Every structure is written in structure tokens, then in C-alpha cells.
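Trainee: Could we go through this structure together? I would like to start with the terms and then move to the details.

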Amino acid sequence: MPTFEVALKTIEALISGESTREEVADWAMVWVSEREQEVSDLSLWDILSTLSGADMKISPDEYMHGAEDFAAWLAEAQEAAASASE
């Protein structure tokens, strides 16, 4: 079951290069497309949905999202995690 903590670590791994875009997107896509009924928090669902598109391309050689997007995703996820723990 994904948690905010796992999602945050996943985004951090994406930013650091520890995980590839494809690895992150594949991981998130499982929760978005196959196990969505197990994700009850809408904020977490939004994060997973966003991450499922981490490997989207706008051309054969160019990704849609880059480092700035990943940093924004991390900030949004941190904010959602903080709100969820209140």
C-alpha cells in the first residue's frame, strides 16, 4: 500500500537519479490502474496519478517533464503529506 512517506521517497529517488522515470511511472501506474480501490486518500491518489506520467514523452527523444516539474511534485507531495497528518 503506498503512503505519503513512500511517495515522497519515490519522488526524491526520481530527482536524485536513483530511480528512472520509467521505474517511477510503472510503480505509480500499478496503483492508478490496477489497485485504485486500495488508495483511499485523494491527495495521495493525485500524487500517484502525477507520478504515473513521469515517463511521458513529447517526442521520441524528449520527455514532457523535467527536474523543475519533479521539484514541484515533491513540494506538492510534502504539502499534502503535512495536511494529511494534521
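Mentor: A residue counts as exposed when its relative accessible area is over 50%, as buried when that area is under 20%, and as partly exposed in between. Please keep in mind that this is a predicted model.

Trainee: Then is E5 buried or exposed?

Mentor: E5 counts as exposed, because its relative accessibility is 52% and the cut-off is over 50%.

Trainee: And which side chain does E5 meet in a salt bridge?

Mentor: The partner of E5 is K9, with 3.3 Å from N to O. Both residues belong to helix α1 and sit four residues apart, about one turn of the helix. K9 has a relative accessible area of 49%, so K9 is partly exposed.

Trainee: Why can such side chains pair at all?

Mentor: Opposite charges can pair when the charged atoms come close.

Trainee: How many salt bridges are there?

Mentor: The count is two.

Trainee: V24 brings us to α2. Which residues are buried there?

Mentor: In α2 the buried residues are V24, A25, A28, W31 and V32. The buried residues of this helix pack against α1 and α3.

Trainee: How many residues does α2 have, and what is its reach?

Mentor: Helix α2 covers residues 21-34, which is 14 residues, and reaches 19 Å from first to last C-alpha. That is close to the 20 Å expected at 1.5 Å a residue.

Trainee: Where is the kink in α2 centred?

Mentor: The kink, of about 25°, is centred on A28. A28 is also one of the buried residues of the helix.

Trainee: Changing topic: which residues form the nonpolar patch on the surface?

Mentor: The patch consists of M56, I58 and M64, which together have about 280 Å² of accessible area.

Trainee: Where is the place of M56?

Mentor: M56 is in the loop between α3 (42-51) and β1 (57-59). With a relative accessible area of 40%, M56 is partly exposed.

Conventions:
Residues are numbered from 1 along each chain as its sequence is written. This is a predicted model: local features need pLDDT of at least 70, side-chain atom pairs count only at pLDDT 80 or more; totals for chains, interfaces and linings use all residues. Side-chain values use heavy atoms; hydrogens and water are left out. Patches are made of residues with over 30% relative accessible area and no salt bridge: like charges are joined within 9 Å, nonpolar side chains (Val, Leu, Ile, Met, Phe, Trp, Tyr) within 5 Å. Accessible areas come from the Shrake-Rupley method with a 1.4 Å probe; for residues, only the protein chains shown count as cover. A salt bridge is a side-chain nitrogen of Lys or Arg within 4 Å of a carboxyl oxygen of Asp or Glu. Helices (H or I, at least four residues) and strands (E, at least two) are DSSP runs, numbered from the N terminus. Buried means under 20% relative accessible area, exposed over 50%, partly exposed in between (1.4 Å probe, protein chains only). The expected span of a helix is 1.5 Å times one less than its number of residues. The bend at a residue is the angle between axes fitted to the seven residues ending there and the seven starting there. Contact means heavy atoms within 4.5 Å.
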